[in-house]
Amino acid sequence: MSTTTLPLFRRAFFDSWRSTLAWAAGLAGATFLYLPLYPSIGGSAQMQDMIDALPAEMTKALNYDQIATGPGYTQATLFGLIGFLLMTIASVGWGAAAVGGDEESGQLELTLAHGVTRVQVVLERALSLLLRVVLLAALVFVLVRLLNDSAQLTIRPENLFGAAVLFAGLALLSGTAALCAGAVSGRRTYGLAAGAAVGVLGYVFNAVGRQSKDVEWLLDLSPYHWAYGNSPVANGADWAAAGWLWGISAVLVAVAAYAVNRRDVGA
């Protein structure tokens, strides 16, 4: 096994193809459900009346103050809501299972008996997580590009690319948090809790922080706001924010590798 190039990565990636395909189908379904509706509702007087009728706090929390334009509608409904939810759930599940799940089930000790190192386990499974997240983000990018003209979204390709990078980085942060917590604790449950906390708290801090200047400081603590505060589908990516998202994910993977290498596995 150890003589094969990236054996643990290959096993983790190809063994999970069914779940990857299922999440891809979910994201495709959401894209085809939401975006073609824009020509019939976006920018219309009825849509503006509906937005005006909602409480201002709710409008800001859901980013519905942006949906009168094609890029804003795509940002709010796909990247900022249903797509964010699906990608976060997928990434957290994969991250929590990568090390913590295997250790909890007793499979990690069996894997280590095949002549691979603990650091190798973490790094190759993190690489598998990364590739799956990138593939899903790439799928969303391609589908939005395909629907851009027919759905009258008028999204610039370079802005869409930047939004997809941030979309992947945001999901990956939750996934690597789950991987790290699972690796440190040896428990899948702790990984799920940590990954979900990053995603949920990031969304909540963004929603609350947009309500009042008194709580704007919460935006600085929100990875969701780092990614989407600039409305990247409309305005282009904040590449510094992208660097933070991807950089913190790399640090979390390094912490996970260090933790697994230092403690007793299965204890």
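Ala-96 lies in helix α6 (helices are DSSP runs of H or I, at least four residues, and strands runs of E, at least two, numbered from the N terminus). At 0% relative accessibility, Ala-96 is buried (buried means under 20% relative accessible area, exposed over 50%, partly exposed in between, with a 1.4 Å probe and protein chains only). The C-alpha atoms of Ala-96 and Leu-179 are 4.9 Å apart, although 83 residues separate the two along the chain.

This is a predicted model, in which local features need pLDDT of at least 70, side-chain atom pairs count only at pLDDT 80 or more, and totals for chains, interfaces and linings use all residues. Residues are numbered from 1 along each chain as its sequence is written, and side-chain values use heavy atoms, with hydrogens and water left out.

**Around Ala-96**

- Beyond its neighbours within four places in sequence, Ala-96 is in contact with Gly-101, Ala-178, Leu-179, Arg-188, Gly-191 and Leu-192 (contact means heavy atoms within 4.5 Å).
- Ala-96 is also one of the α6 residues that meet α10.

**Helix packing on α10**

- α6 and α10 pack at an angle of about 160°, and their axes are 7 Å apart (axes are lines fitted to C-alpha atoms, for helices over the stretch in contact, and angles run from 0 to 180 degrees between N-to-C directions).
- The two helices α6 and α10 are therefore roughly antiparallel (under 35 degrees counts as roughly parallel, over 145 as roughly antiparallel, 65 to 115 as roughly perpendicular and the rest as oblique).
- The α6–α10 crossing is right-handed (right-handed if the near helix is turned clockwise from the far one by less than a right angle, left-handed if anticlockwise).
- On the α6 side, the residues that meet α10 include Gly-80, Phe-84, Gly-93, Gly-100 and Glu-104.
- Their α10 partners include Arg-188, Gly-191, Gly-195, Gly-199 and Tyr-203.
- α9 and α10 (residues 188–209) pack at about 150°, with axes 7 Å apart.
- That makes α9 roughly antiparallel to α10.
- The α9–α10 crossing is right-handed.
- In α9, residues including Leu-173, Ala-177, Ala-181 and Ser-185 meet α10 residues, among them Tyr-190, Ala-194 and Val-198.

**Nonpolar core**

- The largest nonpolar core has 61 residues (a nonpolar core is a set of buried Ala, Val, Leu, Ile, Met, Phe, Trp, Tyr and Cys residues joined through side-chain atoms within 4.5 Å).
- Phe-79, Met-87, Val-122, Val-144 and Phe-167 have the most contacts inside this core.
- Elements giving two or more residues to the core are α2 (17–34), α6 (70–105), α7 (107–112), α8 (118–147), α9 (157–185), α11 (223–228) and α13 (239–262).
- The largest share, 13 residues, comes from α9.
- Met-87 touches Leu-27, Val-133, Leu-136, Ala-137, Phe-167, Ala-168 and Ala-171, leaving aside neighbours within four places in sequence.

- Pro-7, Leu-8, Phe-9, Ala-12 and Phe-13 are buried in α1.
- The cover over these buried α1 residues includes α2, α7 and α8.
- Arg-125 sits in helix α8.
- Arg-125 is buried, at 11% relative accessible area.
- Not counting residues up to four places away in sequence, Arg-125 touches Ala-12, Ala-98, Asp-102, Leu-108, Thr-111 and Arg-132.

**His-225**

- His-225 is in helix α11.
- With a relative accessible area of 22%, His-225 is partly exposed.
- Asn-206 and Leu-219 are the contacts of His-225 once neighbours within four places in sequence are left aside.
- His-225 and Gly-195 are 30 residues apart in sequence, and their C-alpha atoms are 17 Å apart.

**Positive phi**

- Most residues other than glycine have a negative phi.
- Leu-6 has a positive phi, near 45°, and is found in the segment before α1 (7–15).
- Leu-6 is partly exposed, with a relative accessible area of 36%.
- Thr-154 also has a positive phi, near 55°, and is found in the loop between α8 and α9.
- Thr-154 is exposed, at 61% relative accessible area.

**UniProt record**

- The unreviewed UniProt entry lists "transmembrane region" at residues 21–41, 78–99, 129–148, 160–183, 190–209 and 239–260 (positions are in the numbering used here, feature names are shortened, and annotations may be inferred rather than shown by experiment).
- In the model, residues 160–183 are 100% helix and 0% strand, with end C-alpha atoms 34 Å apart.
- Residues 239–260 are 100% helix and 0% strand, with end C-alpha atoms 32 Å apart.
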